[in-house]
Amino acid sequence: MDRRLLAMAALVAVFSISLVAYGARHMATGSEASASLAVSSSDDGGASGQAQIPPPTMTMLADGVYHYFGFFTGSLVVISDDGVLVTDPSNPMRAQSLKDEIAKVTDAPVTTIALTHEHFDHVGGTGVFPEATVICHRNCVATFALSSLGDVPTVDRTFDDMMEVEVGGKAVQLHYLGPGDGAATTIVYMPQEQIVVTSDMYEPRALTHKNWVDDKHYVGTRRILNEISTWPITHAINAHSPGTDPVDLMENVGYYNDLYDAVKAEVDAAIAAAGGAPFGAYSLFDTLPQTLELPQYSDWANYDTSFPRHVERMLLSIYHGD
Ligand SMILES: [Zn+2]
């Protein structure tokens with residue numbers, strides 16, 4: 001193997017191992033799926049071993065509508081004879097896998113990419129679809145301008161509150177309901193098919209891992225989840241788990257409401273104890289993450305490692321406004 005190939009193989013190995021670690025953090029349960037993409041480096045003395053990424057899946061949710069799940073991330077795929085809409089290509093390797101899976105069900109090219117939010121693990125790889133128009137909420141643009149990593153897309157169309165895209169007679173709505181996971185959180189909804197795509201706001205019976213709470217507005221996330229829970233929903237695609245059961249969404253509405261209620265009660269009590277002075281709640285940052293518990297969620301993944309950070313994040317969101 002020449003030096004460039006060796007360097008490339010090492011990069012792919014590191015990328016794949018990182019993805020597996022990333023997936024392990026994001027997914028509530030470990031996948032037992034066999035590997036379709038296995039990378040081994042024989043040049044590292046076997047130190048890294050073999051990284052395995054579960055094979056991608058394409059699940060039909062409605063006529064012409066699929067859930068692609070690969071590289072620990074989900075995408076909505078809406079097919080028509082004239083073109084295909086996808087959400088979140090994520091990165092070039094995953095985008096190619098997404099393209100390959102789409103080619104198994106249609107010859108039509110991907111013509112529309114709708115990004116669910118601005119976070120970099122969702123927005124890369126758009127170049128794999130050169131015919132596509134990239135749509136993102138207008139708040140994406142300012143964030144992308146700050147990127148020092150490079151693989152951020154050129155946004156072709158933006159919207160403020162709502163945009164509706166038609167794909168082969170099917171309506172695909174993009175809703176901005178305020179900040180949630182990021183400042184450009186977009187809820188994708190197909191009203192006829194009753195399919196909703198959220199961004200990174202929840203996972204089935206799992207708390208968002210502590211490494212990923214800082215970029216999430218907790219009061220905003222609670223508000224968005226409550227609002228979309230009133231919509232007719234048959235399938236709810238969340239960003240990083242393969243399931244689409246709306247029950248997962250409803251359980252997380254309960255979690256965010258319970259967390260909000262518990263933290264808000266402590267803030268109100270602390271301010272009241274200080275005679276109404278807002279600074280009365282300031283000391284809660286030092287105490288509440290260690291003392292508050294929601295034992296009804298203690299069997300959810302990441303509760304032990306990450307619940308104190310959720311308390312802290314909700315406290316900041318209630319008390320400081322972000
Ligand atoms: Zn995100």
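Student: Which strands does α2 lie across, and at about what angle does it run to β4?

Tutor: Good place to start, and keep in mind that we are reading a predicted model. To place a helix on a sheet, list the strands it covers and then take its direction against one of them. Here α2 lies across β3, β4, β5, β6 and β7, and its direction makes about 140 degrees with β4.

Student: What unit does α2 make with β6 and β7?

Tutor: For a helix between two strands, follow the chain from strand to helix to strand and look at the handedness. Helix α2 (residues 92–103) sits with β6 and β7 in a β-α-β unit that is right-handed. The strands β6 and β7 (residues 110–114) run parallel and are joined by 4 bridges.

Student: How many bridges does β6 have with β5, and in which sense do they pair?

Tutor: Count the bridges, then compare strand directions. β5 (residues 73–79) pairs with β6 over 3 bridges, in the antiparallel sense. The two form a hairpin, with 4 residues between them. Within it, Val 78 has Leu 85 of β6 as its bridge partner.

Student: Which way do the residues of β6 point, and are they buried or exposed?

Tutor: Look along a strand and sort its side chains by the way they point. In β6 (residues 84–87), Val 84 and Val 86 point one way. Leu 85 and Thr 87 point the other way, and all four residues are buried.

Student: In what order do the strands of the open sheet with 7 strands stand?

Tutor: The order is β3-β4-β5-β6-β7-β8-β9, with mixed pairing. At the edges stand β3 (57–62) and β9 (157–159); each has a single partner strand, so one side of each lacks a neighbour in the sheet. On average, neighbouring strands here are turned by 20 degrees against each other, direction ignored. The partner of β3 is β4 (residues 65–70), with which it pairs over 5 bridges in the antiparallel sense. There, Ala 62 stands opposite Val 65 of β4.

Student: Which residues touch the most other members of the largest nonpolar core?

Tutor: The general idea is that nonpolar side chains tend to be buried together in soluble globular proteins. In this structure the largest nonpolar core has 64 residues, and those touching the most other members are Val 77, Val 78, Val 84, Val 86, Ile 113, Leu 115 and Val 188. Helix α6 (residues 246–273) gives the most to this core, 6 residues. The core lies between domain 2 (56–186) and domain 3 (201–322), because both give residues to it.

Student: Why does His 310 count as buried?

Tutor: Count the C-beta atoms around the residue, with 20 or more within 10 Å as the cut-off. His 310 has 25 C-beta neighbours inside 10 Å, so it counts as buried. His 310 belongs to helix α8 (residues 303–320). Neighbours within four places in sequence aside, His 310 is in contact with Leu 207, Val 213 and Leu 259. His 310 and Thr 208 are 102 residues apart along the chain, while their C-alpha atoms are separated by 8.3 Å.

Student: How many helices and strands does the protein chain have?

Tutor: Tally the elements, then turn to burial and contacts. The protein chain has 8 helices and 14 strands. Of its 322 residues, 41% are buried. Among contacts between residues at least 6 apart in sequence, 60% join residues at least 24 apart.

Key:
Residues are numbered from 1 along each chain as its sequence is written. This is a predicted model: local features need pLDDT of at least 70, side-chain atom pairs count only at pLDDT 80 or more; totals for chains, interfaces and linings use all residues. A residue is buried if 20 or more other C-beta atoms lie within 10 Å of its own, exposed if 12 or fewer, and partly exposed in between; C-beta atoms are placed from the backbone. Two strands pair if DSSP finds at least two bridges between them. A crossover is right-handed if, with the strands pointing away from the viewer, the path from the first strand over the helix to the second runs clockwise. A nonpolar core is a set of buried Ala, Val, Leu, Ile, Met, Phe, Trp, Tyr and Cys residues joined through C-beta atoms within 7 Å. Domain bounds come from an automatic or database domain assignment. Axes are lines fitted to C-alpha atoms, for helices over the stretch in contact, and angles run from 0 to 180 degrees between N-to-C directions. Two residues are in contact if their C-beta atoms, placed from the backbone, lie within 7 Å.
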